[in-house]
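This report describes selected features of one protein model, from its overall composition to individual helices and residues. The sequence and structure are shown first.

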Amino acid sequence: MKRRLATLAAAALAAVASVLFVVNPAYAAAGLHVSGTNIVEANGQPFIMRGINHAHTWYTNQTSSFANIKATGANTVRVVLSGGRWTANTATDVANVITLCKTNKLICVLENHDTTGYGEDSAAYTLDQAANYWIGLKSVLVGQEDYIAINIGNEPIGNTNPSQWTAATTAAIQKMRTNGFQHLLMIDAPNWGQDWNYVMRDNGQTILDADTQHNTVLSIHMYAVFNTAASIVSYLDTFKAKGWPLVIGEFGWQFASGEVDDQTLMAEADARGLGYIGWSWAGNTDPILDMTVNFDPTQLTTWGQRIINGPHGIKATAKQATIYGTSPTTPPTTTPPTTTPPTTTPPTTTPPPAGVSCTPAYSITGQWQGGFQGEVKVTAGSTAIKTWTVTMTYANGQSVSQAWNATVSSSGSAVTARNVSYNGALAAGASTTFGFLGSWSGTNGVPALTCAGTA
């Protein structure tokens, strides 16, 4: 959880290293493991994380979140745990978390949040203390290598003396292996996870070599340091050139100038086969980072819509781990067919009530090269309505691919949106909204809008 806003010094990304370091790690004895730059399952099938962070340690009663996260199509959940900086998560609680992950067919990344910002935050724990926490939980972790990865410490070093990260991380990995852990280990960068001093980028090989199991993946957290497409591409290119396994263990969205370019990040991760885990389901002190309103899966925020329903988001790109079978994680998302229904003689029933007025208000809530996210607010007039239909006629060749809170169909330049079961009835003057994702080129003008309701 981003309960602190670290001061991030401005830093230009250095040129991509030209020397190629090839890593050929051996397979771990069992379970999830690193092969080359990929994470694979025990059967050798590649596994690309598409997941959501869940702040379990502060919201242990929100156990329904595991099923709700799975319902988004996610294949991974990264679970926040504490060994004592906050209320400690016991072995019994962690065993229950693992059961929830397995029940909901999610790969579980368990992370110790106690280490966040060590050296800069006086309350933070050391990586050695984090390793001791995992050792204390060994009885419930061993045997779960197919289902869990261990993120030894979240954002383990702040901006004070980030160079200490290399030795501390090496020692923590070796301590875990000496104590018999064969799990996939995930290692966060220093600088509150953002590596703007490039300590992880420049010392990753030392960390990978420290693991006698050769089963470690590096993890970058992308927030304000990665506010441009160029900074994201350059960083990812460096790891690709060095042949190092990498996941994007946390990231947010471009909610303000200077924040992460989430659209580039997800597109690049999709193109490169890199895993990503967005922050976070709900419960942030800064609610702009919440994907849902108060953990309610029916109330996705703008951020939730972008990461779940976006063109490179979870629904479009996630594949369930084969340890749980080969069935798809979610039903395929398709646009309802626009074929003409068969011609029949209309029944001679009483005609429907006369149409009543409603007003549509169109807005673009996010836009990127070739794509955009839109929203329409539907407001009833002076008479209550039972159903509504909005027609959007585009003049610039735009198209709509996905929608939420409405059933959408297209015919040529016209897009028709009809209410769903829970938002059709509006009292006089009341409003509801629906959202959608679309594509554009050249111009993304506002379409002509009409709205019709039934009394």
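A polar contact is a pair of N or O atoms within 3.5 Å, and within protein one of them must be able to donate a hydrogen and the other to accept it. In this predicted model, such a polar contact, of 2.8 Å, joins the side chains of T116 and N154. T116 lies in the loop between strand β5 (107–112) and helix α3. Its relative accessible area is 4%, and because buried means under 20%, T116 counts as buried.

**Overall composition**

The secondary structure of the protein comprises 10 helices and 20 strands. Of its 455 residues, 52% count as buried. Among contacts between residues at least 6 apart in sequence, 76% join residues at least 24 apart.

**Helix α1 and its surroundings**

Helix α1 spans residues 64–71, and its buried residues are S65, F66, N68, I69 and K70. These buried residues pack against strands β3 (50–54), β4 (76–81) and β12 (296–300), and also against helix α2 (91–103). After α1 comes G73, which has a positive phi, near 105°.

**The pair α3 and α5**

Two packed helices are described by the angle between their axes and the distance between the axes. For helix α3 (residues 127–136) and helix α5 (residues 165–178), the axes come within 9 Å and cross at roughly 15°. That angle makes α3 roughly parallel to α5, since angles under 35 degrees count as roughly parallel. The crossing of the two helices is right-handed.

On the α3 side, the contact is made by L127, D128, A131, N132, W134 and I135. On the α5 side, these residues meet A168, T169, A172, K175 and M176. The residues of this contact divide into 7 nonpolar, 2 polar and 2 charged.

**Two individual residues compared**

Where does S411 lie, in a strand or in a loop? S411 belongs to strand β17 (residues 407–411). S411 is exposed, with a relative accessible area of 57%, whereas T116 is buried. Along the chain, S411 and S399 are 12 residues apart, and their C-alpha atoms are separated by 10.0 Å.

The table sets out the accessibility of these two residues.

| Residue | Relative accessible area | Class |
|---|---|---|
| T116 | 4% | buried |
| S411 | 57% | exposed |

Definitions and conventions: Residues are numbered from 1 along each chain as its sequence is written. This is a predicted model: local features need pLDDT of at least 70, side-chain atom pairs count only at pLDDT 80 or more; totals for chains, interfaces and linings use all residues. Side-chain values use heavy atoms; hydrogens and water are left out. Axes are lines fitted to C-alpha atoms, for helices over the stretch in contact, and angles run from 0 to 180 degrees between N-to-C directions. Helices (H or I, at least four residues) and strands (E, at least two) are DSSP runs, numbered from the N terminus. Angles under 35 degrees count as roughly parallel, over 145 as roughly antiparallel, 65 to 115 as roughly perpendicular and the rest as oblique. A crossing is left-handed if the near helix is turned anticlockwise from the far one by less than a right angle, and right-handed if clockwise. Contact means heavy atoms within 4.5 Å. Ala, Val, Leu, Ile, Met, Phe, Trp, Tyr, Cys and Pro count as nonpolar, Asp, Glu, Lys and Arg as charged, and the others, Gly among them, as polar. Buried means under 20% relative accessible area, exposed over 50%, partly exposed in between (1.4 Å probe, protein chains only).
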